[in-house]
Structure formats: structure tokens, C-alpha cells
Amino acid sequence: MIELKNISFNYKNNAALKDVNILIRQGECVALVGPNGSGKSTFLKILNGILIPNEGEYIFNEEYITSKKLENSKFSKLFHKKIGFVFQNSDAQLFCSTVYEEIAFGPRQIGLKEEEVNKRVYDCMKLLQIEELKHREPYNLSGGEKKKVAIASVLSLNPEVLVLDEPMNGIDPKGKKFLRDFLIKLNESGKTIICSTHDFEYVQGVFKRALVFSENHTIIRDDSFNKVINDELFLQQNNIK
Ligand code: ADP
């Protein structure tokens with residue numbers, strides 16, 4: 001479903017990713033782990049077409065993703081309908097005046113009828129248990145509430161793949177437990193999930209696979225999630241824990 005071949009990315013003169021080769025299949029639940037600055041966010045932004053790699057190829061559903069194709073608004077809409085991105089900072093994602101409008105935005109953008117938009121908004125609010133926030137202004141919500149609204153606003157497009165950047169950051173323990181169970185259910189329902197995290201305690205049982213990024217901006221291990229997080233020596237040696 002997702003294939004990265006020899007991907008490298010630099011921010012001007014700063015290397016952020018070096019020679020990444022990865023294949024992710026439909027239905028997988030993959031964690032990205034690694035120290036700060038190792039390139040996890042950059043990797044996720046490339047998957048979502050926000051950044052275009054300087055070198056290498058990105059293939060999504062057997063289609064090469066290029067800047068030229070993404071400049072085409074029809075292609076771009078279709079691509080973003082299939083792969084949804086939940087930003088690390090919810091404030092960078094939320095911009096509407098009410099929670100309802102926020103979740104309705106994506107479905108309206110792709111031209112769904114208002115009846116279908118309304119159904120999707122209610123379905124997503126129910127899934128995230130945020131019905132009572134319907135009329136609230138997203139900007140004034142708590143961190144955990146904002147995260148739920150951001151996830152709902154992405155899920156309302158019914159994407160095949162959900163990409164999340166450190167979703168547990170700034171969330172209280174109750175919110176983290178909710179997110180954990182939610183990600184498990186979402187993956188069981190068939191969604192492919194790709195998510196960066198350093199919150200190992202709260203993601204037990206969520207991920208089957210881990211991609212480990214190094215301070216050198218390469219992927220140094222691609223293994224079972226449980227094996228990786230139980231390998232204390234490896235985690236310490238690579239400044240992950
Ligand atoms: P992680 O998500 O693992 O913390 P990032 O992908 O954010 O890592 O960062 C990878 C590298 O790219 C780091 O060295 C970081 O300082 C650098 N970097 C990230 N964003 C920018 C940017 N907008 N401009 C310049 N350098 C950046």
C-alpha cells in the first residue's frame with residue numbers, strides 16, 4: 001500500500017531523513033520510535049504529501065506521488081481522502097468556529113451532500129465521544145478534547161490510512177487510555193495506522209510493528225513493536241529511553 005524507496009529529505013542544509021526504504025501493507029498498525037529530531041515527523045509529512053523528498057520515490061496504492069501530481073487539485077483531494085494526517089499540534093489543524101463545522105469541513109470539500117455530511121459528522125462525534133462539544137469553539141477546548149476533534153475531522157473523510165504524529169502528547173492519562181483503545185478498535189475495523197510515539201506505557205497492545213529512527217536520520221530497526229520496547233539495552237544505546 002505504501003512504499004518508500006531510497007527516500008532522503010533535507011531542510012536546506014539539514015539532513016532529516018537518509019535513504020529510507022519501507023513497505024507498509026494495508027491494515028498494518030505501525031509505530032515510529034526514535035529520539036527527538038531523528039526524522040519521524042518528516043517521514044509522516046512525506047507520507048501525507050506535505051513534504052516532497054529530495055531523493056527517492058514514494059508509491060501509494062501503486063501510484064507514484066510527485067509534487068506535480070499533488071499540484072493538481074483533483075489528484076490532491078483524492079489522495080488526501082485516502083490518507084489522513086493528525087498533526088502533533090492540534091492548534092495547527094483546527095480553524096473552524098465550531099466542532100461541528102470542523103468535522104464537516106473535509107466532507108464538504110469533497111462535495112458530499114449536506115445530508116451525508118451531517119451523518120458523517122454525527123458518526124465521527126459518536127466514535128470519539130464528543131457529541132456534547134458540537135457547538136463549542138475548538139480553540140477553547142482542552143488538549144485532549146482538541147485531539148479528539150482533530151481525529152474526528154480527519155476520520156470524517158473516511159481515509160484508508162490514518163497517520164498520527166505523537167497523538168499522546170499533552171493528553172491526560174484518561175485521554176491517553178481512550179486514545180489507546182480507540183486506535184486498537186480503528187485498526188481492528190481495517191484502517192491502516194502509522195503513528196509516532198515515545199509514550200510506550202500508554203500504547204501497549206496497539207502496535208504490531210515498530211520502525212526505529214536513529215539520531216543519524218536512518219531507520220535502524222524494523223521489528224515487532226513488543227520486541228523493540230522490551231529491548232532495554234537497544235533503547236538506551238540509541239537514546240530512545
Ligand atoms: P522527530 O519527529 O523525530 O523529532 P523531525 O522530523 O521533526 O524529527 O526532525 C528531523 C530533523 O530535521 C531534525 O534535525 C530537525 O531539527 C530538522 N527539522 C525539522 N523541521 C525543520 C524545519 N522546518 N526547518 C529546518 N530543520 C528542521
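Modeller: Let us begin with the elements: helices (H or I, at least four residues) and strands (E, at least two) are DSSP runs, numbered from the N terminus. This is a predicted model, in which local features need pLDDT of at least 70 and side-chain atom pairs count only at pLDDT 80 or more, while totals for chains, interfaces and linings use all residues. Residues are numbered from 1 along each chain as its sequence is written, and side-chain values use heavy atoms, with hydrogens and water left out.

Colleague: How do you know that Phe178 and Phe182 are separated by about one helical turn?

Modeller: Both belong to helix 7 (residues 173-188), where they are four residues apart, and therefore about one turn separates them. An α-helix has 3.6 residues a turn, so residues three or four places apart point the same way.

Colleague: What makes helix 1 largely enclosed by the rest of the structure?

Modeller: A residue is called buried under 20% relative accessible area, exposed over 50% and partly exposed in between, with a 1.4 Å probe and protein chains only. Six of the eight residues of helix 1 (residues 40-47) are buried, which is why the helix is described as largely enclosed; these are Lys40, Thr42, Phe43, Leu44, Ile46 and Leu47. Just after helix 1, Gly49 takes a positive phi of about 80°.

Colleague: Why is the pair of Phe43 and Phe213 called edge-to-face?

Modeller: Rings of Phe, Tyr and Trp (its six-membered ring) pair if their centres lie within 6.5 Å, and planes under 30 degrees apart count as stacked, over 60 as edge-to-face and the rest as tilted. The whole structure holds 11 aromatic pairs. In the pair of Phe43 and Phe213 the centres are 5.4 Å apart and the planes stand at 80°, so the pair is edge-to-face. This pair joins distant parts of the chain, since Phe43 lies in helix 1 and Phe213 in strand 9, 170 residues apart, and both Phe43 and Phe213 are buried.

Colleague: What makes the pair of Phe178 and Phe182 stacked?

Modeller: Their centres are 6.1 Å apart with 10° between the planes, and the pair is accordingly stacked; Phe178 and Phe182 are both buried.

Colleague: How do you know that the charged end of Lys148 sits over the ring of Phe178?

Modeller: The rule asks for NZ of Lys or CZ of Arg within 6 Å of the ring centre and within 35 degrees of the ring normal. The charged end of Lys148 is 4.0 Å from the centre of the Phe178 ring and is counted as sitting over it, and Lys146 likewise lies over the face of Tyr139, at 5.5 Å from the ring centre.

Colleague: How do you know that Ser214 is buried?

Modeller: Its relative accessible area is 8%, and for that reason Ser214 is classed as buried. Ser214 is placed in the loop between strand 9 (209-213) and strand 10 (219-224). With neighbours within four places in sequence left aside, Ser214 is in contact (heavy atoms within 4.5 Å) with Ser38 and Ile220.

Colleague: What makes Cys124 buried?

Modeller: Cys124, which lies in helix 5 (residues 114-128), has a relative accessible area of 5% and is therefore buried. Leaving aside neighbours within four places in sequence, Cys124 touches Ile103, Ala152, Leu155 and Ser156.
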